[in-house]
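Please look at the chain shown here and follow it from its overall layout down to a single side chain.

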Amino acid sequence: MMAEQLINITETAQDYLRDLLGKQDQGDIGVRIFVERPGTPHAECCMAYCPDGEQEDSDVRYDYEGFHAWVEGKSVRYLEDAVIDYKKDSMGGQLTFRAPKSRVPDISEDASIEEKINYVLYAEINPNLAAHGGSVQLLELTEDNVAVLEFGGGCQGCSVVDVTLRDGVEKTLKERVPDLTGVRDKTDHSVTDNAYYS
């Protein structure tokens, strides 16, 4: 008897994945499932081939009939109640992935710095920037805990974006996420088409 699965992979999706993996000329190959930008409105669920030995130490293995799936450790909580389905159509078919918790911010005690930054950006900072038609998102977190951000909408090319960054975004982020050492803007501000203040 198999342990309860984190992700509900329907029978048609399992058939499709078994067939797909069976066509690979590698021995013990499974799939790896993860969420990019979890806990944000931009979250994307991803699946890739995962030959034996390419999984990460924190990945969790789930066995299905005839194949296995590795789930990225930090994505597990965002993939609860997820469903992977396969529907045949005139073009062959399509694999669909629904993960209702993938976009829900999680700032539990053990949340990563990245998750905490995303939570503050989407819960506090972006609602304020939206008044000017703007937004900001986290592109990456450097090894020395500097948040690299990108502004969009009315903030891109805005003449007062430096003030917004220093007095608004950076100040708020450092107050809420004490482990953060700094903030860097990677936006191309030469594009001023939608700028709130030009």
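This is a predicted model: local features need pLDDT of at least 70, side-chain atom pairs count only at pLDDT 80 or more; totals for chains, interfaces and linings use all residues.

Residues are numbered from 1 along each chain as its sequence is written, and side-chain values use heavy atoms, with hydrogens and water left out.

Along the sequence their pattern is β-α-β-β-β-β-β-β-α-β-β-α-β. Of the 198 residues in the protein chain, 41% are buried. Buried means under 20% relative accessible area, exposed means over 50%, and partly exposed lies in between, with a 1.4 Å probe and protein chains only. A contact is a case of heavy atoms within 4.5 Å. Among contacts between residues at least 6 apart in sequence, 58% join residues at least 24 apart.

Four of the strands form an open sheet in the order S3-S2-S5-S4, with mixed pairing. Its edge strands are S3 (44–51) and S4 (60–64), each of which pairs on one side only. Two strands count as paired if DSSP finds at least two bridges between them. S2 and S5 (residues 67–71) pair in the parallel sense over 3 bridges, and Val31 has Ala69 in S5 as its bridge partner.

Helix H1 (residues 11–22) has 12 residues and reaches 16 Å from its first C-alpha to its last, close to the 16 Å expected at 1.5 Å a residue. The expected span is 1.5 Å times one less than the number of residues. Ala13, Gln14, Leu17 and Leu21 are the buried residues of H1. They lie on the same side of H1, because they cover an arc of only 100 degrees around the axis; the arc is that of the directions from the helix axis to the C-beta atoms. On the other side of H1, Glu11 and Gly22 are exposed.

Arg32 is found in strand S2 (residues 29–36). Is Arg32 buried or exposed? Arg32 has a relative accessible area of 12%, so it is buried. Its side chain makes a polar contact with the side chain of Asp59 at 2.6 Å. A polar contact is a pair of N or O atoms within 3.5 Å; within protein, one must be able to donate a hydrogen and the other to accept it, and residues adjacent in sequence count only if both atoms are side-chain atoms. Leaving aside neighbours within four places in sequence, Arg32 is in contact with several residues, including Cys46, Met47, Trp70 and Glu72.

Methods. Helices (H or I, at least four residues) and strands (E, at least two) are DSSP runs, numbered from the N terminus.
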